[in-house]
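Thanks for coming. I'll go through one structure today, side chain by side chain.

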Amino acid sequence: MTERADTKYTGEFFVEGMTDAEKQRAAAVDSVLPALKAAAAEVDREGAFHRPHVKTLSDAGLMGLIVPKSHGGMGGGLRDLAAATYALGTACPSTALAFFFHCSSASRGLLALEALENGFFDASEKEAVQAFADKVLNTMGHEKKWLANFASESVKSEKAAITISTKAKKIDGGYLLNGVKSFGCATGVADQYLVTASLEGNDTGAGLCTFFIDPKATGVSERQKWDAIGMRGTATHGIILEDVIVSDENALAIPGAFVKCMQMSRGSFVGNQLAGIAVYLGAGKAIYDASLHNLKTFTFGDTGKPIGHAPFQQELIGKMMVELETATIWLRRQLELEAAEVPLLPKHEVVQRWRLCKGVVAESAFKLATYALKTSGTSGTGFSAPMARGLRDMAMALVQAFPIERGRLMAAQMEMDGAEQSQFGVSKK
């Protein structure tokens, strides 16, 4: 793979000071950008995941981007994932977001291994935890398969960010699962589903378990297709589970295991959520670049000057610069907090700042897209036009990151109470 002339890869515009190894992984990411960008308008127009992208990403080795080399992966970390989702976001935000959720599946293996190393499991539990962690990581690394990670559900809790109402009942040789998963990218696309469920009769976090499910298994079906305003190619319509049988070997159902694994996260929940929001930062950079290109190349008919010389347009350029810089600085700081080898702040403070960060990035990215649309005039309002498409994609950040108002409220509550709110809950319905 040849290096770019300036040796600066797309991800380096966000993640600074890359090591040689990180640059090699960034080069692999850049190699797929042309293919993703070429299909981006079609992905948005059709509202469907572009299936050839699975092979494109797999052939580049990116299925195992953050999987250890011992399990067939590229050995990357959070910095690599954030750089990758940012770069992919500049080409096709929908595919970038779906890829992020695939990579987030690795946490089910990585955090389990960390918990083992830190002595969180006793001798009778270690073998099962190790086997499940290896299965997750080998599936992504050695087998180069796509995993869809299903946790979120339509049932909401006032006191928890994620509520788990899907139930798992112990049966001979395995478990019987029933429930509805409302959100999880790559529905109908992924080779395997990772599903979080609660053991029947247990309404606490200790009862949460993780299961491997074959998408073609009896009792697994897809919910109604998603027809959202933006991020239309993520296949995010979720699944329905009706008496789905999962064998013991495909389950991590040790009481308390899920919570123990989550405790190993440096940041919030699985510890890599900022890479999901990096998708929107990358998309914002692409919108800014496209807008600036138009302002420099389109000219006034009477003077021949680029339209970007008009005071009105320059005011918009300045506003876009502020929003892009604001989003970049906030997310870079969060990445520094979560990726530093030696923790810079206690975990609850890292989480508190994350509550603020993702709302700020989402709002800034949306404002940037709004200003970009204003620079384009009516010619940029076509459904598939980069500015209009970008604005619709950015609108999804406002809800996926959850509203900035909620983030500020949760951060303020942590400031007053001195503790983190529960990251997940179990419905008692």
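Let me start with a question: which residue does Arg-392 form a salt bridge with? The partner is Asp-44, and the closest N and O atoms are 2.6 Å apart. Before going further, note that this is a predicted model, and the values I quote are computed from it.

Look at where the two partners sit. Arg-392 belongs to helix H11, residues 386-400, while Asp-44 belongs to helix H1, so the pair links distant parts of the chain, 348 residues apart. Are these two residues buried or exposed? Both Arg-392 and Asp-44 are buried.

I'll show two others. Glu-22 pairs with Arg-79, with 2.9 Å between the closest N and O atoms. This one also links distant parts of the chain: Glu-22 is in helix H1 and Arg-79 is in helix H3, 57 residues apart. The two ends differ in accessibility. Glu-22 has a relative accessible area of 10%, so it is buried. Arg-79 is at 24%, so it counts as partly exposed. The cut-off to remember here is that buried means under 20%.

The other one joins Lys-145 and Glu-143, at 3.5 Å from N to O. Lys-145 is partly exposed, because its relative accessibility is 33%. Glu-143 is partly exposed as well, because its value is 44%.

Now the rings. How many aromatic pairs does the structure hold? There are 6. One of them is Phe-14 with Tyr-86, a tilted pair with 5.6 Å centre to centre and 35° between the planes. Phe-14 comes from the segment before helix H1 (20-46), and Tyr-86 from helix H3 (residues 78-91), so here too the pair links distant parts of the chain, 72 residues apart. Why does Phe-14 count as buried? Its relative accessibility is 1%, and that is why. Tyr-86 is buried too, because its relative accessible area is 4%.

Another pair is Phe-100 with Phe-101, which is edge-to-face: 5.0 Å centre to centre, with 70° between the planes. Both of these residues are buried.

Rings also turn up next to charges. Lys-135 lies over the face of Phe-212, 5.0 Å from the ring centre. In a second case, the charged end of Lys-170 sits over the ring of Tyr-175, at 4.9 Å from its centre.

Next, the nonpolar core. The largest one has 127 residues, and the members that touch the most others are Phe-99, Trp-146, Leu-177, Phe-211 and Ile-213. Which helix gives this core its largest share? Helix H8, residues 274-297, with 12 residues.

Take Phe-99 as an example. Leaving aside neighbours within four places in sequence, Phe-99 is in contact with Leu-57, Leu-62, Leu-65, Leu-81, Ala-84, Leu-88 and Trp-146. Trp-146 is itself on the list of members that touch the most others.

Last, an annotation. An unreviewed UniProt entry places the feature "domain: Acyl-CoA dehydrogenase C-terminal" at residues 278-396. In the model, that span is 76% helix and 0% strand, and its end C-alpha atoms lie 13 Å apart.

To finish, go back to the opening pair and find Arg-392 and Asp-44 in your own view; both are buried.

Notes:
Residues numbered from 1 in each chain as written. Predicted model: local features only at pLDDT ≥ 70, side-chain atom pairs only at ≥ 80, totals over all residues. Heavy atoms only, no water. Core = buried A, V, L, I, M, F, W, Y, C linked by side-chain atoms within 4.5 Å. Buried < 20%, exposed > 50% of the residue type's maximum accessible area, 1.4 Å probe, protein only. Helix = DSSP H or I, 4+ residues; strand = E, 2+ residues; numbered from the N terminus. Contact = heavy atoms within 4.5 Å. Phe/Tyr/Trp six-rings, centres within 6.5 Å; stacked < 30°, edge-to-face > 60°. Lys NZ or Arg CZ within 6 Å of the ring centre and 35° of its normal. Salt bridge = Lys/Arg side-chain N within 4 Å of Asp/Glu carboxyl O. UniProt positions renumbered as here; feature names shortened; annotations may be inferred.
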